[in-house]
Amino acid sequence: MLLLIAAIMIVLLRRLLKADEPFQGYEWLAIATLAIYLLCYFYLPPFAPASYQRMGLLYEMIPSFSLGAILFPELGSRYPEKVVCVLGGLGLLTCAVILAIFKLSVW
């Protein structure tokens, strides 16, 4: 549930802070990827047992940081914006692949 709230807040914050800039294609792709990720995470069985505390880091925090990196690449001041966007996309894609593997084979 934390991921859903964080994703909504990040998208709204992007819309408010950069109101004069329309969403780019890669930003729409990241938002759509996260929406599909959320649907799979919350609605496709099997579900993870509640006793796993560190799974929240992998399945909720990394995708929200990745979305933030894609929508706000200028915050990564040490690296060019394109590199930050690519790393954010890789983080989101990696979490989606790991979730798919766990949903299909482990749980």
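Modeller: A residue is called buried when its relative accessible area is under 20%, exposed when that area is over 50%, and partly exposed in between. This is a predicted model, and by that scale Cys 40, at 26% relative accessibility, counts as partly exposed, whereas Cys 85, with a relative accessible area of 15%, is buried. A disulfide requires a pair of cysteine sulfur atoms within 2.5 Å, and the count by this rule comes to zero. For Cys 40 the closest cysteine sulfur belongs to Cys 95 and lies 13 Å away, which is too far for a bond; for Cys 85 the closest cysteine sulfur is again in Cys 95, at 17 Å, and that too is too far for a bond.

Turning to the helices, α2 covers residues 25-43 and packs with α1, residues 2-17, at an angle of about 165 degrees, the two axes being 11 Å apart. Because an angle over 145 degrees counts as roughly antiparallel, α1 is described as roughly antiparallel to α2, and the crossing of the pair is left-handed. On the α1 side the contact is made by Leu 3, Leu 4, Ala 7, Val 11 and Arg 14, which meet Glu 27, Ile 31, Leu 34, Tyr 37, Leu 38 and Phe 42 of α2. Sorted by residue class, this contact holds nine nonpolar residues and two charged ones, with no polar residue.

Key: Residues are numbered from 1 along each chain as its sequence is written. This is a predicted model: local features need pLDDT of at least 70, side-chain atom pairs count only at pLDDT 80 or more; totals for chains, interfaces and linings use all residues. Side-chain values use heavy atoms; hydrogens and water are left out. Axes are lines fitted to C-alpha atoms, for helices over the stretch in contact, and angles run from 0 to 180 degrees between N-to-C directions. Helices (H or I, at least four residues) and strands (E, at least two) are DSSP runs, numbered from the N terminus. Angles under 35 degrees count as roughly parallel, over 145 as roughly antiparallel, 65 to 115 as roughly perpendicular and the rest as oblique. A crossing is left-handed if the near helix is turned anticlockwise from the far one by less than a right angle, and right-handed if clockwise. Contact means heavy atoms within 4.5 Å. Ala, Val, Leu, Ile, Met, Phe, Trp, Tyr, Cys and Pro count as nonpolar, Asp, Glu, Lys and Arg as charged, and the others, Gly among them, as polar. Buried means under 20% relative accessible area, exposed over 50%, partly exposed in between (1.4 Å probe, protein chains only).
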